[in-house]
Amino acid sequence: METSYYLKALLRKAMFPMPSPHLPSIAVRRALTKLGSDLREARLRRSLPADVIASRAFTTRPTLRRIEAGDPGVGIGIYAAVLQAMGMLDGLGMLADPASDKAGLLLSAEALPERARIKRRKASGQDDG
C-alpha cells in the first residue's frame, strides 16, 4: 500500500509540477520595497491599524505585512485591493498610461511617414463609353 502512495505522489508531482520560484531583479525588488514602505507610511499617516486595512482589502494581516515589506510573491490584485482600501487606487491605473509613455510616444513619432499621400482608387474595369 505504501508503495502505491509514493508512486501516486511521484506521478502527481510529474503531472502537476510546482512552478519554479522566480527571483526578480534587484531593480524590481527595490521598487516593491519602496512601494511597500510608502503604503505602510500612508497607512500610518491615516492612523489606520493594519487589521482595518486588511479587512477592507479582504486579505489578512500577514499578507498586508508582506505587502508592506515589498514581497514580490503577493499578487498584484492584492496590492490593488490595499490601494483601494486606502483611497489610492487611481494612481495604479495611470502607471502605464500611453499619454505618459515618453519612449513609446517618441518611437511612434519616429515611425510617422515623411508626407501623407492620398491613395488612389483602382479603376473598376468598366468603360463609360
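Tutor: Phe58 is exposed, with a relative accessible area of 78%. Here exposed means over 50% relative accessible area, buried means under 20%, and partly exposed lies in between, with a 1.4 Å probe and protein chains only. The model is predicted, so local features need pLDDT of at least 70 and side-chain atom pairs count only at pLDDT 80 or more, while totals for chains, interfaces and linings use all residues. Residues are numbered from 1 along each chain as its sequence is written, and side-chain values use heavy atoms, with hydrogens and water left out.

Phe58 is found in the loop between H3 and H4. The helices named here (H or I, at least four residues) are DSSP runs numbered from the N terminus, as are strands (E, at least two). Although Phe58 is not a glycine, its phi is positive, at about 55°. Ser47 is likewise not a glycine and has a positive phi of about 55°. Ser47 is found in the loop between H2 and helix H3, which covers residues 50-56. Ser47 is exposed, with a relative accessible area of 61%.

From the loops we turn to the packing of the helices. Two packed helices are described by the angle between their axes and the distance between the axes. Helix H2 spans residues 26-45 and helix H4 spans residues 61-68; their axes come within 7 Å and cross at roughly 120°. Such axes are lines fitted to C-alpha atoms, for helices over the stretch in contact, and the angles run from 0 to 180 degrees between N-to-C directions.

Which residues of H2 and H4 make the contact? H2 contributes Gly36, Ser37, Leu39, Arg40 and Arg43, and H4 contributes Leu64, Ile67 and Glu68. Contact means heavy atoms within 4.5 Å. The residues of this contact divide into three nonpolar, two polar and three charged. For that count, Ala, Val, Leu, Ile, Met, Phe, Trp, Tyr, Cys and Pro are nonpolar, Asp, Glu, Lys and Arg are charged, and the others, Gly among them, are polar.

Glu68 deserves attention within this contact. Glu68 is buried, with a relative accessible area of 13%. Leaving aside its neighbours within four places in sequence, Glu68 is in contact with Gly36, Ser37, Arg40 and Arg43. With Arg40, the side chain of Glu68 meets in a salt bridge (3.7 Å, N to O). A salt bridge is a side-chain nitrogen of Lys or Arg within 4 Å of a carboxyl oxygen of Asp or Glu. Because Glu68 lies in helix H4 and Arg40 in helix H2, the pair ties together parts that are 28 residues apart in sequence. Arg40 is partly exposed, at a relative accessible area of 40%. The side chain of Glu68 also makes a polar contact with the side chain of Arg43, at 2.7 Å. A polar contact is a pair of N or O atoms within 3.5 Å; within protein, one must be able to donate a hydrogen and the other to accept it, and residues adjacent in sequence count only if both atoms are side-chain atoms.

The structure holds five salt bridges. One of them joins Arg45 to Glu41, the closest N and O atoms being 2.9 Å apart. Arg45 and Glu41 are four residues apart in helix H2, so about one helical turn separates them. Another salt bridge brings together the side chains of Asp71 and Arg66 (2.7 Å, N to O). Asp71, at 24% relative accessibility, counts as partly exposed. Salt bridges that share partners join Arg40, Arg43 and Glu68 into one network.

H4 also packs against H5. The axes of H4 and H5 come within 11 Å and cross at roughly 95°. That makes H4 roughly perpendicular to H5. Thr63, Leu64 and Ile67 in H4 meet Ile78, Tyr79 and Val82 in H5. These residues divide into five nonpolar, one polar and no charged. In helix H5, which covers residues 76-85, the buried residues include Tyr79, Val82 and Leu83. The buried residues of H5 pack against H2, H3, H4 and helix H6 (90-93). Just after H5, Gly87 takes a positive phi of about 75°.

How values were computed. Angles under 35 degrees count as roughly parallel, over 145 as roughly antiparallel, 65 to 115 as roughly perpendicular and the rest as oblique.
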